Amino acid sequence: MNRILIVGATSAIAEHYARQEAEAGSMLFLCGRSRERLRAIAQDLVARGAAKADFAVLDVLDFDRHEEAIEAAWRSLEGVDVALLAHGTLPDARACATDATLALREFNTNATATILLMDRLAGRFEKKGHGTLAVISSVAGDRGRASNYLYGSAKAAATAYSSGLRQRFRGTGVHVLTIKPGFVDTPMTAAFRKGALWVEPHRIATGIRRAIGRRRGVVYLPFFWRPIMALIRMIPEPVFRRLDL
Ligand SMILES: NC(=O)c1ccc[n+]([C@@H]2O[C@H](COP(=O)([O-])OP(=O)(O)OC[C@H]3O[C@@H](n4cnc5c(N)ncnc54)[C@H](OP(=O)(O)O)[C@@H]3O)[C@@H](O)[C@H]2O)c1
């Protein structure tokens, strides 16, 4: 039975992942900003078969409270086997370009908080000699684009940091997974017009579970984003800057 900590547990992708784990009888500990939503999700997870579903309120920007929330998870579950970092915001790129306070807040949510949480969790897994640290980055982190380069650079930081951790823990029982979803129909992308490349969050959740089970390092979800991003990364900069992607 897996003991799973989810940060950003009210996210649509995280909720679908938690449901699938609940149906497999796992124990879950949820962290997020809204006590009411966490309570409702936890009750739903128990109804779906979770052996346990507990929660703690955590705003990831409250860096000083990270340790407290993580300790609460360890205590509640008597250890953690899998930690999924799912929090994130999609900033208004234009507003951030003229408002440094907003830009910093968005970067801190998507990058700084994620890095600090990765460090604390990796440290605990290292001490125990086992555990999976799974972080939701994005295909947006693979190359900066005019429409969302603040979000992209924050996700690039999360991707690079998790890559470094993965190398550091090679040959140990600590598994680090970087998850790179493409376009997913969730509240974060509610305002976007949806097209052929869009998928539902349950599909991403299934991919996350499979990648954790197979101890993969980096997973693009759905799989077709791997060749798409390989092509996008190969485009020479003088050509790329003329494109409207
Ligand atoms: N949707 C996509 O197309 C897509 C693509 C690539 C990657 N991703 C990534 O996938 C992850 C999940 O996003 P989603 O698509 O499932 O969107 P979502 O449903 O909007 O979830 C985002 C979650 O982040 C939480 N969050 C934001 N700021 C927070 C803070 N300061 N402290 C704690 N929690 C905070 C939100 O909490 P509240 O409920 O309190 O607002 C919400 O639960 C994110 O990392 C996102 O960047 C999404």
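## Helices α5 and α6

Helix α5 passes helix α6 in a right-handed crossing. This is a predicted model. Two packed helices are described by the angle between their axes and the distance between the axes. For α5 (residues 100–128) and α6 (residues 149–168), the axes come within 8 Å. They cross at roughly 10 degrees. Angles under 35 degrees count as roughly parallel, so α5 is roughly parallel to α6.

Which residues of α5 and α6 make the contact? From α5 come Ala103, Glu106, Phe107, Asn110, Ala111, Thr114, Ile115, Met118, Asp119, Ala122 and Glu126. From α6 come Leu150, Tyr151, Ser153, Ala154, Lys155, Ala157, Ala158, Tyr161, Ser162, Leu165 and Arg168. The residues of this contact divide into 13 nonpolar, four polar and five charged.

## Helices α3 and α5

Helix α5 also meets helix α3 (residues 66–77). Here the axes come within 11 Å and cross at roughly 40 degrees. That angle makes α3 oblique to α5. The crossing of α3 and α5 is right-handed.

On the α3 side, the contact uses His66, Glu67, Ile70, Glu71 and Trp74. They meet Ala113, Leu116, Leu117, Arg120, Leu121, Arg124 and Phe125 in α5. Seven residues of the contact of α3 with α5 are nonpolar, one is polar and four are charged.

Side chains of opposite charge can pair when their charged atoms come close. What joins the side chains of arginine 124 and glutamate 67? They meet in a salt bridge, at 2.6 Å from N to O. Arginine 124 lies in α5 and glutamate 67 in α3, so the pair ties together parts that are 57 residues apart in sequence.

Are these two partners buried or partly exposed? Arginine 124 has 16% relative accessibility, so it counts as buried. Glutamate 67 has 28%, so it counts as partly exposed. The cut-off for buried is under 20% relative accessible area.

## Other salt bridges

How many salt bridges does the structure hold? There are 17. One of them joins the side chains of aspartate 44 and arginine 19, at 3.9 Å from N to O. This pair links distant parts of the chain. Aspartate 44 is in helix α2 (residues 35–47), and arginine 19 is in helix α1 (residues 12–23). The two residues are 25 residues apart. Aspartate 44 counts as partly exposed, at 25% relative accessibility. Arginine 19 is partly exposed too, with a relative accessible area of 23%.

Lysine 194 forms a salt bridge with aspartate 185. Their closest N and O atoms are 3.9 Å apart. Lysine 194 is partly exposed, with a relative accessible area of 34%. Aspartate 185 is partly exposed, at 29%.

## Threonine 159

Threonine 159 sits in helix α6. Is threonine 159 buried or exposed? At 14% relative accessibility, threonine 159 counts as buried.

What does threonine 159 touch, leaving aside its neighbours within four places in sequence? Threonine 159 is in contact with Ser137, Thr178 and Lys180.

How values were computed:
Residues are numbered from 1 along each chain as its sequence is written. This is a predicted model: local features need pLDDT of at least 70, side-chain atom pairs count only at pLDDT 80 or more; totals for chains, interfaces and linings use all residues. Side-chain values use heavy atoms; hydrogens and water are left out. Axes are lines fitted to C-alpha atoms, for helices over the stretch in contact, and angles run from 0 to 180 degrees between N-to-C directions. Helices (H or I, at least four residues) and strands (E, at least two) are DSSP runs, numbered from the N terminus. Angles under 35 degrees count as roughly parallel, over 145 as roughly antiparallel, 65 to 115 as roughly perpendicular and the rest as oblique. A crossing is left-handed if the near helix is turned anticlockwise from the far one by less than a right angle, and right-handed if clockwise. Contact means heavy atoms within 4.5 Å. Ala, Val, Leu, Ile, Met, Phe, Trp, Tyr, Cys and Pro count as nonpolar, Asp, Glu, Lys and Arg as charged, and the others, Gly among them, as polar. A salt bridge is a side-chain nitrogen of Lys or Arg within 4 Å of a carboxyl oxygen of Asp or Glu. Buried means under 20% relative accessible area, exposed over 50%, partly exposed in between (1.4 Å probe, protein chains only).
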